Amino acid sequence: MGNMDTKSTEGLITRSGKECRGSKWKTTAWKVGAVLAAGGLIARHLDSNSWPLWESREFGETAKFRKVDEGWRWNKLEPAKELIWHPCYDEYDCARLDVPLDWLEPSEEHRASIAVIRYNATDKTDYKGSVFINPGGPGGSGVWFMTKLAKHYQSVVGKNYDIISFDPRGVGFSTPRVTCFTTPQSSLIWDLLTPPVLDAHPGTLSDAFAHAAALSAHCTSPPNTTTTAPNPLEYVSTASTAADMLALHLALHPSDSVVKLNYWGFSYGTYLGLTFASMYPQHTGHFVLDGNVDAVEYSGGRSTHFITDAEAVMDAFFYYCHLAGPLVCSFWADSPADISARLDTLLESIRLNPVIVPGTATPGIVSFSTVRRVIASSLYRPLIMFPLLANALSALEDGNGKLFLDLAPQLPDNPFSCSSPSASQPTTPSPTTPSKPGPGVPAEEPEYPLLEGSADATKAILCTDMLPVSLNVTDFALYVQDLQKVSKSVGATMAEMRMDCVGWGVKGRWRFDGPFSGGKAWEKRDGGILFVANKADNVTPLRAARRNARGFPGSRVLVQDSYGHTSLSTPSRCTAQAIRVYFQNGILPVEGTVCQPEQVPFGEIPGSEAMRTIEEEEVDAALRELMGAPVLGMGIGFR
């Protein structure tokens, strides 16, 4: 990024970087990959006196990671109907829970297994139990995020809690696993055909519509479809995952039915949490739902309000860039409106004349679509991304596109270098492979790589949860226009999320579409859910938190006076303290609470340099780490 070492972002992109060692690389379809690419960086021109400067660091295979015992592997853990914990990843416990593939008609013949991981409480003096974490998605791997961030989640909720997460069915080490391609090379080839942003040029929408429909047809109608085995794509809905979460909770407390499940979910994780609370209100304990998906709109499949706040986040870029001045923001102009106009001028120039970037192996091109998608991704983490975006835009005006390419996912040096598909990735079951091995299936499946999530599972879960997208290309063009009216900056880009489900031919076996409320069972309990929302969130707006809260009397909406996706986008000691108090004592913040952040984009907040206790310093460090993790927000894919 600018003069930063490019190694500082290696491993943050959803890719391996070591193509033949087992990880599956995804281009992320340029949707929002730059958030992942820059997730480990904070702009260096922020004053470190008020908020300690966060050094860049790596995730993924290149990270310094706890080594797994050589004799331990997920596929050596026999799924069981009780939780049998095994030491894993040095300081964790892992297990695989055997559950019905079909919760509506359970059978012993067709089963699923849920990979679950636990980070144990380090303070047993006032042990509180466990808090389940879902990082978002859909399609995010709870196992991956736990191995990187569990101790930081625990620093916020309290060290007297175990932190638990799991790979939802279809994802990672849970089975059946959803995959549309047999090799990463074939997946990569398909991804390289991704069309431009929908409003880039005339005809692009039709090409993109056909591209989405073709992938849906490929995923739902693989060559080896059978008529006798159940199709796992029918069983990956959020309702089924909520039932799995209840099964995990009951397995944790087999002799105590009074204990309730505690939960902290982000983005899509709020939809999972809301689904659980609606289906099982009697088992719902302390729930924090952070960055709320509008449950009714999401399940209905025609959401336009999810980007209601996106322009406010974009305007924050213009405002804080101007406020910071030309020495700090390199895309500065005389007023916020002038910065906005400057960007519009640059976009139109790039639309007609993309910038060529010379390279050693291959040249690069910064196109209109490149810029639009990177801008959309920057809105997820303004504190990290806005300074980098300003530098890249300024350089682009001078014909230098290298900084922009540095912000975006990059191809490995030798993406097709592996001599055989199996050298790059274990052969994994197709979406319609039965959950139990059949004739010809090896006794021991190769270990699946540890990844942030699965693009194919994202698509399957999303399209199973939503009502079918039955629009033709003409009708879909009207939907795109509606989104562009809500947000000119990201409307066309974010329409791609719904387009992913065009032509999806599999109907979910169990789809929960409400009512999203606690019902009569909720009236018997004390306290409610803590809904957390930024003042302006680019994909899960404040209005969604308020709407979701209506179904759960006694709940509170805590507003964080910041921008970006989920409260993790900007550290706030006030928000962290409210979450801690709620998990520790069950006390919700007072109605109308607004928490201030510790920083703003391009600058600091006066007074934030006050003396801190050791515990506060630890929480500060945890919030910085959580802010820099890859973002699994609604609208983010892994492809």
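The sections below take the basis of the values first, then the chain, the cores and the helix pairs.

## Basis of the values

The model is predicted, and local features need pLDDT of at least 70, side-chain atom pairs count only at pLDDT 80 or more, and totals for chains, interfaces and linings use all residues. Residues are numbered from 1 along each chain as its sequence is written, and side-chain values use heavy atoms, with hydrogens and water left out.

## The chain as a whole

The protein chain has 20 helices and 14 strands, where helices (H or I, at least four residues) and strands (E, at least two) are DSSP runs numbered from the N terminus. Of its 639 residues, 62% are buried, meaning under 20% relative accessible area, with exposed over 50% and partly exposed in between (1.4 Å probe, protein chains only). Among contacts (heavy atoms within 4.5 Å) with a separation of 6 or more, 79% join residues 24 or more positions apart.

## Nonpolar cores

A nonpolar core is a set of buried Ala, Val, Leu, Ile, Met, Phe, Trp, Tyr and Cys residues joined through side-chain atoms within 4.5 Å. The largest one holds 137 residues, and F317, F331 and F476 have the most contacts inside it. Its largest share, eleven residues, is supplied by helix α11 (residues 382–397). Apart from this core lies another, of 44 residues, including V157, V288, Y582 and L626.

Leaving aside residues up to four places away in sequence, F476 touches L198, L205, F209, L471, A495, R498 and M499.

## Helices α15 and α16

Two packed helices are described by the angle between their axes and the distance between the axes. The axes of α15 (residues 473–486) and α16 (residues 491–499) come within 8 Å and cross at roughly 135°; axes are lines fitted to C-alpha atoms, for helices over the stretch in contact, and angles run from 0 to 180 degrees between N-to-C directions. The two helices are therefore oblique to each other, since angles under 35 degrees count as roughly parallel, over 145 as roughly antiparallel, 65 to 115 as roughly perpendicular and the rest as oblique.

In this contact F476, Y479, V480, L483 and Q484 of α15 meet G491, A492, M494, A495, R498 and M499 of α16.

The axes of α5 (residues 238–252) and α6 come within 9 Å and cross at roughly 70°, which makes α5 roughly perpendicular to α6.

H283 is found in the loop between α6 (268–279) and β7 (284–290), and H283 counts as buried because its relative accessibility is 14%. Not counting residues up to four places away in sequence, H283 touches L246, L250, K260, L261 and F276.
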